[in-house]
Amino acid sequence: MKYDTLASEILAGVGGRDNVKSLVHCATRLRFKLRDDRRANAAALKKNPGVIMVVESGGQFQVVVGNHVAEVFDAVNRVGGLAEGASSGSDADVKKDNLLSRFIDVVSGIFTPLLGVMAASGVLKGLLALSLACGWLLESSGAFKMLFAASDALFYFFPIMLGYTAGKKFGGNPFVTMAIGGALTHPLMMAAFEAAQQPGAVREYFFGIPLTFINYSSSVIPIIFAAWVSCRLEPLFNRVIHSALRNFITPLLCLAITVPLTFLLIGPAATWLSHLLANGYQAIYAFNPIIAGAFMGAMWQVCVIFGLHWGLVPLMINNLSVLGRDTMVPLLLPAVMGQVGATLGVMLRTRDAKLRALSGSAIGAGIFGITEPAVYGVTLPNKRPFIFGCIGGALGGAVIGYFHTSVYSFGLVNVFTFAQIIPNGGIDATVWGAIGGTLLSFVFAALASYLFGVAPAEETAPPEAAAPLNRKQAILSPIAGDIVPLEQVNDATFASGLLGKGVAIAPQQGRVVAPVSGSVASLFKTKHAIGIESDDGAEILIHVGIDTVKLDGAHFTAHVREGERIAPGDLLIEFDQAAIHAAGYDTTTPIIISNSDDYVDVLTSGLSPVQEQAPLLTLLR
């Protein structure tokens, strides 16, 4: 429940629950599909302390929240009343996306739910390869066979798993499309494929039409096309079949039509396309693997920022399915570890305690393949470290390309990828090339960021230069009322201090005035919360009431605009306290110092009850 307030603020920032067409999440970000992007307030979300970054790409409105994305995702669904991430409402006002945006949206929607188990399966496969190379396990042992089955099950039955996620993404019955995937990997079909490979095999027919049997285990593209066809047929049948029969007649027709069509046409055509893509990539890679490695190492994180990396994920998996190995994933190791190295360089050099703490946590996440905290929180805002990370990625990628390193299972690019690049013959030059290229990227980015990545002003200015005459800063009370200790507020996010230190006030009247001289940094569309940046650098959040975002602006009147200059006592917001209470909401108002980490302490200096413009908080530098 501690993420409910953040979830409410995110929903407000994306334009309300009615503006959400669909919602999924990946490792660090919420991926919204909005009905109207113009109703979202990206600027306000970026200033929310619980949000790392907002990215609009691939037809998705992406809110990066970090490693706790699953908990925030659940809270958004719960607070917004969304059913499995999708809201109700008309699709009439949904913006038509371009072809690339639609492609990336489809790919991410199909593969995102499987990302965690794909990574786990790939790591387990890599660890088994390492165990064989080191002699810890024998391939004939029962332990190896059982663990290999656990690591290989997802990929062997990939058409079934992708059938389910593709069915959900295309808006059809996911169990029907999953059954289609099951037909592709059914033992009878696998046996028919094996028999067809034997000399003098008898040709099989489907009502006189010759059948071509293909090994669809681990395949990607055929089931996606088959699921799309089934999901297009489903609404056609539902329109003409009586409601009393459609629950089983529609699935019957979808299976009876799509499965044969897949074996006769869709499967062979998609398999041809799969081989074409794999061979095309191999041709490009073979032309100059060093240039390919440098390009991928430099540009991968740029693709991640804009969500374009999802377009390459099917190609990587397709390479593994068709060729049994993939040379693209190893090229990304330097790209990932380059940003980790750049973050380490910043952490070792910076004097900013908040940036140092953020860098430390981002390094841990980056080692395990989650680079968004490092990129959005550390390297990209400081610009030069991000560039050094990309240059390091290019250098390391060129080295790995030179050694022609491959992976033999799919997973997130992280420290465990080193185990996935071990071939059946044991550790060889391709493995050492990957280690050397990754270390080169990491060390270069770390040294360059340490020496040149932090702004000179931060390093040369004496500690006293920031505020030599203002060691204390007073915050006046924006509301008249009774002081409530923050830990007693009936909201876990505020009470825990996650959003910063401060105090709360139970209002005596429905008005909020400016507590400092400064400017309005953010004003929520629902007018229940306002962010202020003082001239002395304090970031103040005034949040009127608990869960009042759900009122969607009712009973609130704003008297300022975002970016407007304010002076102490200026009227900011008026609210109808009686109406809010009648609607069942608590008007206790937290006043939070969002950048509390920039201060030694935040002290409550007012006496309860407190009047407007009376001393409330003292900030100690």
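Good morning, colleagues. I begin with Ser477, which is buried, its relative accessible area being 0%. The model on the screen is a predicted one. Ser477 sits in the loop that connects β7, residues 472-476, with β8. Its side chain comes to within 2.5 Å of a backbone oxygen, that of Ile479. If we set aside the neighbours within four places in sequence, the contacts of Ser477 include Ile505 and Val513. Further contacts of Ser477 fall at Val610, Gln611, Glu612, Gln613, Ala614 and Leu616.

Where does Gln613 lie? Gln613 belongs to the loop between β18, residues 601-604, and β19, residues 615-620. At 26% relative accessibility, Gln613 is classed as partly exposed, because that class covers the range between 20% and 50%. The backbone of Gln613 also calls for attention: phi is positive, at about 70°, although the residue is not a glycine. As background, a negative phi is what most residues other than glycine have.

A positive phi is found at Asp552 as well, near 55°, and this residue is likewise not a glycine. Asp552 is placed in the loop between β13, residues 539-543, and β14, residues 556-558. Is Asp552 buried or exposed? With a relative accessibility of 61%, Asp552 counts as exposed, since the threshold for that class is over 50%.

Thr587 is located in the loop between α22, residues 577-582, and β17, residues 589-593. Its relative accessible area is 3%, so Thr587 is classed as buried, the limit being under 20%. Which side chain does the side chain of Thr587 meet in a polar contact? The partner is His581, and the polar contact between the two side chains is 3.0 Å.

I turn now to Asn490, in the loop that runs between β8, residues 481-484, and α21, residues 492-495. Asn490 has a relative accessibility of 65% and therefore counts as exposed. Along the chain, Asn490 and Asp547 are 57 residues apart, yet their C-alpha atoms are separated by 9.9 Å.

Next comes a residue within a strand. Ile532 is part of β12, which spans residues 529-534. With a relative accessible area of 1%, Ile532 is buried. What surrounds Ile532? Neighbours within four places in sequence aside, Ile532 is in contact with Pro515, Val516, Ser519 and Ala521, and also with Ala538, Glu539, Ile540, Ile542, Ile566 and Leu572. Ser522 stands ten residues from Ile532 along the chain, with 6.9 Å between the two C-alpha atoms.

For a helical case, please look at Pro314. Pro314 is in helix α13, which covers residues 313-323. Its relative accessibility of 14% is under the 20% limit, so Pro314 counts as buried. Not counting residues up to four places away in sequence, Pro314 touches Val107 and Phe111.

Let me close with the chain as a whole. It contains 22 helices and 19 strands. How does its radius of gyration compare with the globule rule? The radius of gyration is 28 Å, close to the 25 Å that the rule gives for 621 residues, so the chain is as compact as a globular protein of that length. Along the principal axes, the C-alpha atoms fill a box of roughly 95 × 65 × 45 Å.

Of the 621 residues, 52% count as buried. Among contacts with a separation of 6 or more, 74% are made by residues 24 or more positions apart. The accessible surface amounts to about 27000 Å², and carbon and sulfur atoms hold 63% of that area. As for charge, there are 40 positive and 44 negative side chains, and 6 Å lies between the centres of the two sets.

To return to the opening residue: Ser477 is buried, and its side chain reaches the backbone oxygen of Ile479. Thank you for your attention.

Terms used:
Residues numbered from 1 in each chain as written. Predicted model: local features only at pLDDT ≥ 70, side-chain atom pairs only at ≥ 80, totals over all residues. Heavy atoms only, no water. Helix = DSSP H or I, 4+ residues; strand = E, 2+ residues; numbered from the N terminus. Rg over C-alpha atoms; globule rule 2.2 N^0.38 Å. Buried < 20%, exposed > 50% of the residue type's maximum accessible area, 1.4 Å probe, protein only. Contact = heavy atoms within 4.5 Å. Areas by Shrake-Rupley, 256 points an atom, 1.4 Å probe, with all protein chains shown as cover. Lys, Arg positive; Asp, Glu negative; His and termini not counted. Charge placed at Lys NZ, Arg CZ, Asp CG, Glu CD. Polar contact = N/O pair within 3.5 Å; in protein donor to acceptor, adjacent residues only side chain to side chain.
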